[in-house]
Amino acid sequence: MQNPVKIAFHGIDKSDAVEDRIREKVAKLEQFFDRITGCRVVVERHHRSHSNLNTKDQPFHISIILEVPGEELVVKRDPKDPAVLKDHEDVYIALRDAFGVMERRLKDYVQRRWRDARHAS
């Protein structure tokens with residue numbers, strides 16, 4: 001990758017273990033496409049109300065912006081489904097799901113590039 005991965009935490013403390021997992025997930029994406037130029041990941045938790053300031057039971061929201069030639073691929077995992085809400089109380093499950101979606105989007109991008117290059121020649 002041309003630029004280092006940028007990782008931000010909002011509403012939670014910074015975690016070296018979570019940062020390491022994010023870097024592992026980004027390295028896996030680079031196996032599918034080695035021309036990624038940048039990546040930004042935001043891990044956050046929201047408060048439901050001012051009366052309930054305990055964030056422990058809140059789901060994690062993950063945003064990934066992957067910069068590739070000619071495009072930015074964006075994934076925002078903001079769980080609304082009650083079944084998914086429970087799973088996303090674990091940051092590692094939330095990351096797995098978000099990076100799973102990004103992997104599919106990156107594979108689609110690579111296929112489009114390959115198809116477009118093939119038709120251009």
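Buried here means a relative accessible area under 20%, exposed means over 50%, and partly exposed lies in between, with a 1.4 Å probe and protein chains only. Helices (H or I, at least four residues) and strands (E, at least two) are DSSP runs, numbered from the N terminus.

The model is predicted, so that local features need pLDDT of at least 70 and side-chain atom pairs count only at pLDDT 80 or more, while totals for chains, interfaces and linings use all residues. Residues are numbered from 1 along each chain as its sequence is written, and side-chain values use heavy atoms, with hydrogens and water left out.

## Overall arrangement

The protein chain has three helices and four strands, and from the N terminus on its elements follow the order β-α-β-β-β-α-α. Of the 121 residues in the protein chain, 36% are buried. The protein chain exposes about 7600 Å², of which carbon and sulfur atoms supply 47%; accessible areas come from the Shrake-Rupley method with a 1.4 Å probe, and for residues only the protein chains shown count as cover. Where contact means heavy atoms within 4.5 Å, 62% of the contacts between residues at least 6 apart in sequence join residues at least 24 apart.

Four strands form an open sheet with mixed pairing in the order 1-2-3-4, two strands being counted as paired if DSSP finds at least two bridges between them. The edge strands, each pairing on one side only, are strand 1 (6–10) and strand 4 (71–77). Neighbouring strands of this sheet are turned by 10° against each other on average, direction ignored; axes are lines fitted to C-alpha atoms, for helices over the stretch in contact, and angles run from 0 to 180 degrees between N-to-C directions.

Strand 1 and strand 2 pair in the parallel sense over five bridges, and Phe 9 has Val 43 in strand 2 as its bridge partner. In a regular strand the side chains alternate between the two faces of the sheet. In strand 1, Ile 7 and Phe 9 make up the covered face, whereas Lys 6, Ala 8 and His 10 make up the uncovered one.

Strand 3 (residues 60–68) pairs with strand 4 in the antiparallel sense over seven bridges. The hairpin of strand 3 and strand 4 has two residues between the strands, and Gly 70 takes a positive phi near 85° there.

Leu 66, in strand 3, is buried, with a relative accessible area of 0%. Not counting residues up to four places away in sequence, Leu 66 touches Leu 29, Ile 36, Gly 38, Cys 39, Glu 71, Glu 72, Leu 73, Met 102 and Leu 106. With the same exclusion, the contacts of Ile 65 are Gly 38, Cys 39, Arg 40, Glu 72, Leu 73 and Val 74.

| Residue pair | Separation along the chain | C-alpha to C-alpha distance |
|---|---|---|
| Leu 66 and Arg 40 | 26 residues | 6.6 Å |
| Ile 65 and Val 42 | 23 residues | 8.9 Å |
| Arg 21 and Tyr 92 | 71 residues | 8.0 Å |

Helix 1 has 17 residues and reaches 25 Å from its first C-alpha to its last, close to the 24 Å expected at 1.5 Å a residue, the expected span being 1.5 Å times one less than the number of residues. The buried residues of helix 1 include Val 18, Glu 19, Ile 22, Val 26 and Leu 29. Seen down the axis of helix 1, its buried residues fall within an arc of 100°, so they line one face of the helix; the arc is that of the directions from the helix axis to the C-beta atoms. The face turned away from this buried side carries the exposed residues Asp 16, Glu 24 and Gln 31.

Arg 21 also lies in helix 1 but is partly exposed, with a relative accessible area of 32%. Not counting residues up to four places away in sequence, Arg 21 touches Tyr 92 and Leu 95.

Glu 103 is found in helix 3 (residues 91–120) and is buried, with a relative accessible area of 17%. Beyond residues up to four places away in sequence, Glu 103 touches Lys 28, Leu 29 and Phe 32.
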